[in-house]
Amino acid sequence: MTDSPSDAATDYAPSRVIADPDLRYEVIGTRPVRHDGVDKVVGRAVYGNDVRLPGLLHGAVLRSPHAHARIVSIDASAAEALPGVKAVATSADLPDLTDCWTNLGEVAINLAHLGANCLARRKALYRGHAVAAVAATSAHVAREALSAIRVEYEVLPAVTDVLEAMEDDAPLLHDDVFTDSMGSSSEHPSNVSRHLVFEQGDPERAFAECDLVIDRDFRTASVHQGYIELPVATAQWSADGRLTVWASTQGSFTTRQQIAGVLRIPISDVRVIPCEIGGGFGGKITLYLEPVAAILSRKTGRPVKIQMTRAGVFQGTGPTPGSVVRVGLGVKDGRLHAGRAWLAYDAGAFPGGMIGAGCACVFSCYDIPNARVVGYDVCANKPKTQAYRAPGATQAAFATETVIDELAAALGVDPIDFRLDNAAVEGTTRVDGTVYPRIGFVETLRAARRHEHYTAPLDGPSAGRGVAAGFWFNIGLKSSANVHCNPDGTVMLVIGSTDIGGSRTSIAMQLAETLGISAESVHPQVTDTDSVGYTDVTGGSRVTFATGLAAHEAGLDLIAQMRDRAAFIWGCETHDVTFDAGVFGGPDGRSLTFAGLAAELPGSGGLLTARATVDAVGPTNGFGVHIADVDVDRETGKVSVTRYTTVQDAGKAIHPSYVEGQMQGGAVQGIGWALNEEYVFDERGHMENPTMLDYRMPTALDVPMIDTVIVEVPNPMHPFGVRGVGETPIVPPPAAIANAVHAATGLRLRVLPMSPPRVHEALVQAGADEDAGGR
Amino acid sequence: MATLYLPPQMRDLTGGDEAIEVPAGTLREVVARVDRRFPGFAARVISEGGVMPGLAFSIDHSITSLGLHARVSEESVVHIVPGVAGG
Amino acid sequence: MKIHVRATVNGEPAEFLCEARESLLEVVRETLGLTGAKEGCNNGNCGACTVLLDGVPVDACLVLGAEAEGADVTTVEGIAEAGRLHPIQQSLLEHAGLQCAICTPGIVVTAKALLDRNPDPTEREIRFELAGNICRCTGYDKIVRSVQDAARKLAAERIEETSA
């Protein structure tokens, strides 16, 4: 067991930070133990399912056994008569909304569709679509009662394939969804809910001018976010009309807004208490259970908790879109000169997939002066798709980064050098018209080129190495922070950003840096929607950037107030009080440390509180480059990742360990997407593999150590230079691995996942072709 | 004058022109002026008094969160892009 | 009808009633209030509910509560001793071996059992032992390093004890 590739992996330097030497910080860039850490390693942290309330009822959800069916009738009387059953809910208990949009900051969503996804109205649109729910005295009783609910279905033809769903004669999911083409609507209803076109330059002429053109077709399967915590919600609808919801969510405020919208109640009547959240990756922004638990609580007068089953998660919650992508690139004089792309993405049961991002991302790493991109968002009888870490980008990058690799090989150029020759830089115009600010793609490529891994010898005839790049936009949006100063020189930091991966600490560290105190002197708390200012979702790689900015600004507010107080104590003017590195200075050499002045506050007018609410602009973009080594087992088709290195521009890594953790975790999710994960549908449109055994996510045994290089090209729009980090790392792996498989076998695999049967079949086919050619 | 770039799917309104020069002002004023010159434009980008769901305005290469209140200056470049959500 | 069960839970004698169909996971979470063990799949695939049954890591969702009769059960709440973290817990904190941390209780319990049995595991052995505990956040790198570091801490403790 000691000679495995992963044992060797511990020998080289696993992580590195390439920092700007001019930036010096006391707290930022260090690696303190996270503030919520002890609770999480001793099992004390309270997640959604750990909520305990007196009189609590337990809910269960009945899901459609058909991929597409009209709901003729629902008879719950037998279920309601069972001992222990307290209430049954169906869509009849929710307001029947027609097109009703609400803006969640990142995107606007249609509340009518959201409500109909929580409980099917008139039609079940996918196998697993929630149809009814029961509240009972125990989870066992609730689950048993589901079988007593009689639902009469009229089964309809279903479609799960994105291309088939685009056909004119495909089963139509909605008679009120039309194709939107930038504000103009199709005449007839369609499964194609959106058609997008981006264009720059003159692609048609440019392609004619190219020396080398490669066009290729790609497909990717639907994959799930795969968070380990089952979605869970607890609702208590009080007799005074106030609804309290304990949620496992990426955004407590957007959850509040969606609950109020779906239930048509005032937003001020809803309080969302975010629990610790066991993973989200984009999948826990929408609602599934909260409105259902709420109406069951209203019916029973008791708190109701509903936790999904794992099969319910796979069959009833958002995977991210499967895709069909065609990418063509043309080169003239060694430079990318023309690009064309055609993308069709699953939306699932309701419109609103990730096609906009897919189209804007497909060529986003490169300076391609002439390009045309066409995209389609396509409804099909699958769960409504949801965001998954850089939503829409991975599918597109798989295609482009594979074609880039082919071009470099055809030109006889090193694939990183080819990317360097064509890299997007400050001032490059992306195909959607956006011009890049200061970005760090070139620095990231150079760091990958210099990395020891890139030129290390490969071992054996079945080994290969591939590289690929990835891009994500990153977002800013709104965040708030309250800071309360304690007399012992510590501060309480109150924020609304739910903490999925250590963000409490990365935000607290920015406040500590601002105040000149230690990270341990800041006590961060994530609180409910009644107790802090509006804060957008934990998503879009925004929290360390935007909520960190809010904490910094609240810190500046506190310092301003403390300078006033120091001036009062010293009998001078505020402008005579300085603040530097945690020390207040006054006339005649007087000075007080932050803690020293804090101790004076109670006796000089009282303790102080500061706050900030920001609408953060300028998150700037994230770029990453991954290097993958694989070994291909020609007997079985199994691809093993034997060495892996991720390089990414983080702007400035506040807590490098958690930046590395994002890079490593994203890379491994991308490895799973590349090699194993997929929704397998039968001919009826039923997912055949809704367990974690059959939906095969990477285990510890499947992956090597993931080496990291953090490149720091500071973001000029953030006081500490932060860029978003979390999403970019999932983008490069499928292409990096496909390129490595090509290096190992000579085969170009253009369908995800590159699972053993698929790779084996390709190897057999290639062998047969070779034999035939030989004769 | 500010410059408004139209995505390919809206160029039917302008007879194929990609870019339009418009005087500075709020985004609401800009949209109203363009609509006077190219009737039908406002209906494509505004819904219920706000920016059409699923669309976003990028002013000087940054998506604005200020809706139609956003300020467009004399040197601004304005793009209309589909909304994008992160995970 | 409920079954009367006597067991030792986290070193203390415990008695509880459970239905025949109730899993050990339901018993420790709902009846005993030990919510550290998490439910991620309820069919033995994710490892978030790992507890020690007579020192052996098991998926509590696959064991019936009634099967705990006479057994010694240790949950994540029983790993730290008298307020002092076990080295694996300390190492996970120092090496950022947790992100959302829903898998962490299972990781702590599994790794503790491994280190009890094999004080100096190779990386391969650590990965093999943890293969039943799915983590979706970390990519495992920092978890494996945490276990390696905990093994070093435990070895240092042993040397200290010997020399003392």
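Author: Chain C has an average pLDDT of 97, and 100% of its residues score at least 70; pLDDT is the predictor's confidence in each residue, from 0 to 100. The model as a whole scores ipTM 0.98 and pTM 0.96. This is a predicted model, in which local features need pLDDT of at least 70, side-chain atom pairs count only at pLDDT 80 or more, and totals for chains, interfaces and linings use all residues. Residues are numbered from 1 along each chain as its sequence is written, while chains are lettered from A and ligands numbered from 1 in the order in which they are written.

The part to look at is in chain A, where three strands make an open, antiparallel sheet in the order β27-β28-β29. Strands (E, at least two residues) and helices (H or I, at least four residues) are DSSP runs, numbered from the N terminus. Two strands pair if DSSP finds at least two bridges between them. The edges are held by β27 (578–580) and β29 (591–593) of chain A; each has a single partner strand, so one side of each is left without a neighbour in the sheet. On average, neighbouring strands of this sheet are turned by 20° against each other, direction ignored.

Between β27(A) and β28 (residues 583–585) of chain A, which run antiparallel, there are three bridges. Asp580(A) has Val583(A) in β28(A) as its bridge partner.

Across β27, β28 and β29 of chain A lies helix α17 (residues 543–570) of chain A, at about 40° to β28(A). Axes are lines fitted to C-alpha atoms, for helices over the stretch in contact, and angles run from 0 to 180 degrees between N-to-C directions. Two residues are in contact if their C-beta atoms, placed from the backbone, lie within 7 Å.

Now the chains. In the contact of chain C with chain A, 48 residues of chain C meet 47 residues of chain A. On the chain C side, α2 (87–94), α3 (104–117), α4 (123–130) and α5 (141–163) each supply at least two residues. The largest share, six residues, is from α4(C). By class, this side of chain C has 23 nonpolar, 13 polar and twelve charged residues. Ala, Val, Leu, Ile, Met, Phe, Trp, Tyr, Cys and Pro count as nonpolar, Asp, Glu, Lys and Arg as charged, and the others, Gly among them, as polar.

Chain B also touches chain A, with 22 residues from chain B and 37 residues from chain A. The largest share of the chain B side, three residues, comes from β9(B).
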